[in-house]
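Colleague: Could you walk me through this one? I have a few quick questions.

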Amino acid sequence: AGNITAVTLVGDIFSTSVYVILPRSINKPPEINITSPVSDAGKVWTGNINIDATITDIDNDFKLARILIKNLDNTTADSQLITTIYNQNINYVFNTIGYTGKYSIYIEPEDSAGNKTIDNRIIKIDNTAPVTELIISSPVVYKHNLPYVSSYTEIKLNSMDSGNIVTGINNIYFQLDNNPVQVYTGIINLTGYSEGMHCIKYYSA
């Protein structure tokens, strides 16, 4: 807003008064309250993360909010824009597939005057699956890249977690043919199985 100049008469003397009109709280940025995710050193996220926040603006001229993510394991990495929100109540589902490591999630609201504020939450993301290995001991013979074993052959499973965030292995699972999936506790026993082709499926979690 500009200035308004008024001329008034006081006795025989003209007096000039200047009235200044300023916009309301032109330097007051929006305020933000992030409720999810929380910064929890013991929490490891995978899959989808709910990003929830509330933005308040006493000037009622909220414009937008940017959601950004920064890889804290890479000190030279810049923040990346996840999305832009045009609502003061943020309820956004962020798919973390493709992310593994320690990250900071930022929310940066901005008003129409260009005033900004920013808040963040530091989280750990693990989307790297454990690697599970099938180990076949003697007696075994390989033909056409297939192992031929006996009921006395020891078949073991070994699993290892890797990546920037190592959360460990809860269990190793396996399934023989169409039998129910079992938790692996030691050697896979083939006693009682008929001669012929059998299928072993396995994974870790």
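This is a predicted model: local features need pLDDT of at least 70, side-chain atom pairs count only at pLDDT 80 or more; totals for chains, interfaces and linings use all residues.

Colleague: In what order do the three strands of the open sheet run?

Modeller: The order is β3-β5-β8, with antiparallel pairing; strands are DSSP runs (E, at least two residues) numbered from the N terminus, and two of them pair if DSSP finds at least two bridges between them. β3 (31–36) and β8 (89–95) are the edge strands, each pairing on one side only.

Colleague: How many bridges join β5 and β8?

Modeller: Seven, with β5 covering residues 48–56, and A53 has I90 in β8 as its bridge partner.

Colleague: Switching to I67, is that residue buried or exposed?

Modeller: I67, in strand β6 (residues 62–71), is buried because its relative accessibility is 0%, where buried means under 20% relative accessible area, exposed over 50% and partly exposed in between (1.4 Å probe, protein chains only). Leaving aside neighbours within four places in sequence, its contacts (heavy atoms within 4.5 Å) include I51, I90 and Y92.

Colleague: And what about Y148, which strand holds that residue?

Modeller: Y148 lies in strand β13 (residues 146–149), and counts as partly exposed because its relative accessibility is 46%.

Technical notes:
Residues are numbered from 1 along each chain as its sequence is written. Side-chain values use heavy atoms; hydrogens and water are left out. Helices (H or I, at least four residues) and strands (E, at least two) are DSSP runs, numbered from the N terminus.
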